[in-house]
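Colleague: I am new to this one. Could you walk me through it?
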Amino acid sequence: MELYETEGPRIFARDLLQRIRSVEGLADERYSAEGLDRALKRYLGDTRLPDALTPVLVTAYDTAAREAVLLSRDDDLAMRDAARATAAAPTYFEALEPPGRRT
């Protein structure tokens with residue numbers, strides 16, 4: 001909850017240009033992913049999924065292929081990229097396709 005309260009205003013910030021460009025979220029993502037990317041970098045740094053101390057399973061969805069994507073410690077992927085992939089809701093943030101994905 002504290003993370004959301006602290007980072008939320010920066011993650012969900014919209015300037016006038018973004019509001020116009022997205023037509024209030026009708027034509028494009030409602031929010032720029034910059035704030036989310038900065039927060040993930042700040043909290044997760046360069047730590048990778050294989051470095052997790054416990055088993056990890058991150059679910060995401062590939063909108064182009066229309067299929068679920070499962071990420072685990074077997075995927076050599078930065079945790080911030082996995083978090084970004086699972087957080088992407090196309091209406092709100094641009095989707096991120098993680099490298100080395102598998103279904």
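**Helix packing and a hairpin**

Modeller: Gladly. This is a predicted model. Start with helix 1: its buried residues pack against helix 3.

Colleague: Which residues of helix 1 are buried, and why do they lie on the same side?

Modeller: Buried here means under 20% relative accessible area. The residues that qualify in helix 1 are Glu7, Gly8 and Ile11. They lie on the same side of helix 1 because they cover an arc of only 130° around the axis.

Colleague: Which residues are exposed on the other side of helix 1?

Modeller: Exposed means over 50% relative accessible area. On that other side, the exposed residues are Glu2, Glu5 and Pro9.

Colleague: At what angle do the axes of helix 1 and helix 3 cross?

Modeller: Helix 1 spans residues 2–11 and helix 3 spans residues 34–44. The crossing is right-handed. Their axes come within 8 Å, and the crossing angle is roughly 140°.

Colleague: How many charged residues are in the contact of helix 1 with helix 3?

Modeller: Helix 1 brings Leu3, Thr6, Glu7, Arg10 and Ile11, and these meet Gly35, Leu36, Ala39, Arg42 and Tyr43 of helix 3. By class, five residues are nonpolar and two are polar, and the charged ones number three.

Colleague: Now the hairpin. Which residue takes a positive phi there?

Modeller: Strand 1 (residues 57–62) and strand 2 (residues 67–72) run antiparallel, joined by six bridges. Valine 58 stands opposite leucine 71 of strand 2. Four residues lie between the strands of this hairpin, and the residue with a positive phi, near 55°, is arginine 66.

Conventions. Residues are numbered from 1 along each chain as its sequence is written. This is a predicted model: local features need pLDDT of at least 70, side-chain atom pairs count only at pLDDT 80 or more; totals for chains, interfaces and linings use all residues. Side-chain values use heavy atoms; hydrogens and water are left out. Two strands pair if DSSP finds at least two bridges between them. Helices (H or I, at least four residues) and strands (E, at least two) are DSSP runs, numbered from the N terminus. Axes are lines fitted to C-alpha atoms, for helices over the stretch in contact, and angles run from 0 to 180 degrees between N-to-C directions. A crossing is left-handed if the near helix is turned anticlockwise from the far one by less than a right angle, and right-handed if clockwise. Contact means heavy atoms within 4.5 Å. Ala, Val, Leu, Ile, Met, Phe, Trp, Tyr, Cys and Pro count as nonpolar, Asp, Glu, Lys and Arg as charged, and the others, Gly among them, as polar. Buried means under 20% relative accessible area, exposed over 50%, partly exposed in between (1.4 Å probe, protein chains only). The arc is that of the directions from the helix axis to the C-beta atoms.
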